[in-house]
Amino acid sequence: MEIFYRTHAYLIEHINAPVRRALMDDINWEDRLIGIKGPRGVGKTTFLLQYAKERYGTDRCCLYINMNNFYFQQMGLTQFAGEFLHRGGKVLLIDQVFKYPDWSKELRECYDRYPSLKIVFTGSSVMRLKEENPELNGIVKSYNLRGFSFREYLNLQTGNDFPIFTLEQILQNHETIVKTILPHVRPLDYFQDYLHHGFYPFFLEKRNFSENLLKTMSMMIEVDILLIKQIELKYLTKIKKLLYLLAVDGPVSPNISQLANEIQTSRATVMNYIKYLTDARLINLIYESGDDFPKKPAKIMMHNTSQMYAIYPIKVEEQDVLETFFLNTLWKDHKMNKGSKGASYLVDDKLNFRICTDGHMLRNKPHANTYYAQHRIDVGRGNQIPLWLFGFVY
């Protein structure tokens, strides 16, 4: 146990968390069992340690453990939690909980046996905490940690502390909001860098970003999908090839029969793989309003713009990048569907948006019932809004 305390103290002392994530204030930390899900690479471990440092420092009542530790091949999680509680422990932070067999059953046992112990754990976005683990239903509070928003990236790069603005605030007051930002920084000067590499915090590391991201994306498939969904290793190449084909095709309605032929499997299996890739936050499925999985989506897009530049950089179209940014940033709190004629997307079943470059408005008269998210403009007017400002919604 002392080894874990020393490791915890070392990690707290050396943690590098230059941005305080907005999710930190969204979580009700009084709950006894908290699950934090998110795709690989977005900083879940750092988030846990940041919480520990902020709330407890090196107080031994809080302890971080990683289930990759071989110690847990012998010591049961429930037994370990009991020993920690006996030593005065109050808050146990468990990283990568899905690496431990029967993790959900043991978390339930800890919850029932140790009512004075609070547990916060991280897991993959592929995990369905309540649907696939009924023993946790009703007791776990689940949250999702996303990659950096453009707001978080801009704050990090410029030393500012710009607040979050809701979509409603942006639509109603974007001209006023922009006037509070532009005196401090010109966001467009940082926007392209964010699109290329700003979503994943590991761009801060002194390594080749694209190579690191490709490695991370492979791990999402090899571990987050194959391990959690218990898929045989021999199907790994099929799933990887499917992701590549979807990326190369761009944001279009997929030809399921052709994809099935390409990776030599059935149509049903292709749809299952597509769902797994979606859960792993490698792709986003866009449906017509009223449709949903398992129907064929209206189009498939990469989950975020950084992935687009990493997986197939020679075919990155600017319009596709801008739409991917808009879709991914609003996806957190809003329902996103394919738009009707004249609109790129329908948001929350009522708001029409068209994503366009600045030149679009010079050639076409805007429609009163459509919002235009425009690239390459600092300030908007009326229903014409700078695209970069939507990156402030979280």
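**Exercise 1. State how the side chains of Glu205 and Arg207 meet, and classify the accessibility of Glu205.**

Solution. The side chains of Glu205 and Arg207 meet in a salt bridge, with 2.3 Å from N to O. The term denotes a side-chain nitrogen of Lys or Arg within 4 Å of a carboxyl oxygen of Asp or Glu. Glu205 has a relative accessibility of 36%, so it counts as partly exposed. On this scale, buried means under 20% relative accessible area, exposed means over 50%, and partly exposed lies in between (1.4 Å probe, protein chains only).

The model is predicted: local features need pLDDT of at least 70, side-chain atom pairs count only at pLDDT 80 or more, and totals for chains, interfaces and linings use all residues. Residues are numbered from 1 along each chain as its sequence is written, and side-chain values use heavy atoms, with hydrogens and water left out.

**Exercise 2. Describe the surroundings of Lys275.**

Solution. 
- Step 1: Lys275 forms a salt bridge with Asp279, and the closest N and O atoms are 3.0 Å apart.
- Step 2: Lys275 and Asp279 are separated by about one helical turn, because they are four residues apart in helix H12.
- Step 3: Lys275 is partly exposed at 24% relative accessibility, whereas Asp279 is buried at 5%.
- Step 4: Lys275 also lies over the face of Phe293, at 5.9 Å from the ring centre. A charge sits over a ring if NZ of Lys or CZ of Arg is within 6 Å of the ring centre and within 35 degrees of the ring normal.

**Exercise 3. Classify the aromatic pairs Tyr244–Tyr312 and Tyr273–Tyr276 as stacked, tilted or edge-to-face.**

Solution. 
- Step 1: rings of Phe, Tyr and Trp (its six-membered ring) pair if their centres lie within 6.5 Å; planes under 30 degrees apart count as stacked, over 60 as edge-to-face and the rest as tilted. A search of the whole structure finds 31 aromatic pairs.
- Step 2: the ring centres of Tyr244 and Tyr312 are 5.7 Å apart and the planes stand at 85°, so this pair is edge-to-face. The pair links distant parts of the chain, 68 residues apart: Tyr244 in helix H10 (residues 236–249) and Tyr312 in the loop between helix H13 (305–311) and helix H14 (318–330). Tyr244 is partly exposed at 38%, and Tyr312 is partly exposed at 21%.
- Step 3: Tyr273 and Tyr276 make a tilted pair, with 6.5 Å centre to centre and 40° between the planes. Both lie in helix H12 (residues 267–279), three residues apart, about one turn of the helix. Tyr273 is buried, at 6% relative accessibility.

**Exercise 4. Identify the pairing partners of strand S4 and state how far S4 is covered.**

Solution. 
- Step 1: strand S4 (residues 118–124) is mostly covered, as seven of its seven residues are buried.
- Step 2: S1 and S4 pair in the parallel sense over six bridges; two strands pair if DSSP finds at least two bridges between them. Ile34 stands opposite Val120 in S4.
- Step 3: strand S3 (residues 91–95) also pairs with S4 in the parallel sense, over four bridges. The bridge partner of Leu92 in S4 is Ile119.

How values were computed:
Helix = DSSP H or I, 4+ residues; strand = E, 2+ residues; numbered from the N terminus.
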